[in-house]
Amino acid sequence: MANDRWPSKLTKLSVRAKHTNLYRVIIIAILCTASYFVGVWKHSGGGISRASLSNDALTSVPCTFPHQTNPILTFAARHTSPDPPLTETAARVIQIPSCGVKFSEYTPCEFVNRSLNFPRDRLIYRERHCPKKNEILRCRIPAPYGYTVPLRWPKSRDVAWFANVPHTELTVEKKDQNWVKYEKDRFLFPGGGTMFPRGADAYIDEIGRLINLRDGSIRTAIDTGCGVASFGAYLMSRNIVTMSFAPRDTHEAQVQFALERGVPAIIGVLASIRLPFPARAFDIAHCSRCLIPWGHYNGTYLIEVDRVLRPGGYWILSGPPINWQRHWKGWERTRDDLNSEQSQIERVARSLCWKKLVQRDDLAVWQKPTNHIHCKRNRIALKRPPFCHRTQPDQAWYTKLERCLTPLPEVTGTEIKEVAGGKLARWPERLNAVPPRIKSGSLEGITEDDFVNNTETWQRRVSYYKRFDQQLAETGRYRNLLDMNAHLGGFASALVDDPVWVMNVVPVEASLNTLGVIYERGLIGTYQNWCEAMSTYPRTYDFIHADSVFSLYKDRCDMEDILLEMDRILRPKGSVIIRDDIDVLTKVKKITDAMQWEGRIGDHENGPLEMEKILFLVKEYWTAPAPDQ
């Protein structure tokens, strides 16, 4: 019987096991089904407010089937989130439009219609008056119809295309003074001027007989009221680089002519604010019938010349009132009036402790003292002007003119010939000699080794640039260059053997004011806030260099506004090199694409692992349409 029960027990156990397995299968099926519906519910947006998701927040997943033999593989994200809101710059149209031909010579901060709202007293209305943010044009300035790439230096010194500067007013107004002549499709510049009808070359030779212009002790010059800058143009053959300036006034396009010739120049005027240059910048200052009232306003304008003149530097004056005894009838002024004007100038010059070296024929030359040892003693007797206190001599961006004398740096001894601030080497040794501002330690944070290393670094960088920018490498292709963030002038120093000149800009937002060092090297430059337009005409520069400019101005102003200003002052077919972090350059390139510039991002000269990259750009050639279109 026991054996008969054994199969029965086995049968019962088997049935129970089957029931248990069935229960497990059913439970698993229920759980899987529930999980499936929960997933579908969540995928459809259940449990999350639909308002919190955009319609494009989720993308559908394409189906593939097992029987497909060659499925298409895609590595795109299956689920995407909405893009972040577009910034004002990124949201702009793909192509930035043209401003229209009437703006072809637009200078935003010297716009005539705006200037007329300011006082005419002391020519304040001719100073910089920039547009407010809501008045800034966000369009591209066109070149005039028929614009042609300027002739190469030195031929450009004497010839410019009419189509590039279509103004003939000066050819009529100054026809007897040999400023400029118009022939067929071009302008000719004979080199004449109001006080040098025989030409600038002969005029400079006369100056050279009064002071030494060829021994390298004189390198930087400033020409106030420059006309078409023939004085600066012809000084270049003597290795003297001149900063020429004149206002945008009734002498239409005089600064524009200078720039078209390949001569350094900016729009500027002596009125109520300092010139945009550091103290002790220039070896000579020049005025040839510049019509500046030097003796008026307690000598304020000569006091400003004194600030920018180097210790031992020269001030050269020709034209009224010099040699008035000979010219008073031609100048249509009375002898008493002219004599009084010269007496005022002489008195102001003495109060500045200047020494009158010579007056010969139509030229007079004064010299600034090399230090202020004796001048401080003379204040007891002269009293006027007093020495400035609590002033920063190098600060010169919208800084009001002062009626006080900028003190020279202290000297250690009592020698009258000891040069305040340090003696400069003669040119060309001056370029790479350690500048006195660095040697003395007055420029905090920069050592002599830093200066030497910076010079060597920029030699390597410019060599690297020329491998990619063939136009920069081609001798004579470019003439007018701009460095938007020059620091110590290393970029310009690396190009000193090329037939170019560089406008070295030190932004007023830079952590260090290094423009004084740049001038001590025998280079030239100016201050600038790149949130505003530069005081120059459209199509000034053949080439623009921008090192870390956009990182410097991040959160200060719109990147697009800076780039449109670069487009305004760059000539058609000109090129640009921008150094910055890759994230910054990516944003810059989106805007330059909209400006129809051709560009590509290249590696740092030290290799691809550097975060800083280099953007090489070329502005396309385009002009305003023909007048009959």
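Predicted model: local features only at pLDDT ≥ 70, side-chain atom pairs only at ≥ 80, totals over all residues.
**Entry 1: overall figures**

I then looked up the surface, and the protein exposes about 31,700 Å², of which carbon and sulfur atoms supply 53%; accessible areas come from the Shrake-Rupley method with a 1.4 Å probe, and for residues only the protein chains shown count as cover. For contacts, which means heavy atoms within 4.5 Å, I took those with a separation of 6 or more, and residues 24 or more positions apart account for 68% of them. I recorded 18 helices and 17 strands, where helices (H or I, at least four residues) and strands (E, at least two) are DSSP runs numbered from the N terminus.

**Entry 2**

I followed the pairing of strands next, counting two strands as paired if DSSP finds at least two bridges between them. Strand β14 (residues 541–547) is largely enclosed by the rest of the structure, because 7 of its 7 residues are buried. I found β14 paired in the parallel sense with strand β11 (residues 480–483) over 3 bridges, with L482 standing opposite I544 in β14. β14 also pairs with β15 in the parallel sense, over 6 bridges, and there D547 has R579 in β15 as its bridge partner.

From β15 I moved on to β17. Strand β15 (residues 570–581) pairs with β17 in the antiparallel sense over 7 bridges, and V576 stands opposite L617 in β17. Strand β16 (residues 597–602) is likewise antiparallel to β17, over 6 bridges, and K619 in β17 is the bridge partner of W597. Strand β17 (residues 612–619) is mostly covered, as 7 of its 8 residues are buried.

**Entry 3: cavities**

Grid points are joined across faces, edges and corners, and a volume is the space filled by probe spheres set on the points. The structure holds 6 cavities of 30 Å³ or more, and the largest cavity has a volume of about 310 Å³.

I counted 22 residues lining the largest cavity, of which R128, I267, G268, P276 and S535 lie nearest its centre. β6 (265–267) and β13 (525–528) each supply at least two residues of this lining, and β13 gives the most, with 3 residues. By class I have 13 nonpolar, 4 polar and 5 charged residues in the lining, with Ala, Val, Leu, Ile, Met, Phe, Trp, Tyr, Cys and Pro counted as nonpolar, Asp, Glu, Lys and Arg as charged, and the others, Gly among them, as polar.

**Entry 4: backbone exceptions**

Most residues other than glycine have a negative phi, and most peptide bonds are trans. I therefore wrote down the following cases. The peptide bond from W153 to P154 is cis, with omega near 10 degrees, and P154 lies in the loop between α2 (112–115) and β1 (159–161). The bond from P320 to P321 is also cis, with omega near 5 degrees, and P321 lies in the loop between β8 (309–318) and α8 (324–327).Y297 has a positive phi, near 55 degrees, and its place is in the loop between β7 (282–288) and α7 (300–308); at 30% relative accessibility, Y297 counts as partly exposed. Y398 has a positive phi near 60 degrees and lies in the loop between α10 (373–382) and α11 (436–439), where at 35% relative accessibility Y398 counts as partly exposed.

**Entry 5: F282**

Leaving aside neighbours within four places in sequence, I list F282 in contact with T220, A221, I222, M243, F277, V308, L309, R310 and Y519. F282 and G522 are 240 residues apart in sequence and 9.0 Å apart in space, C-alpha to C-alpha.

Methods: Residues numbered from 1 in each chain as written. Heavy atoms only, no water. 1 Å grid on protein atoms, 1.4 Å probe; cavity = no way out; pocket = protein on both sides within 12 Å on 5 of 7 lines; lining within 4 Å. Buried < 20%, exposed > 50% of the residue type's maximum accessible area, 1.4 Å probe, protein only.
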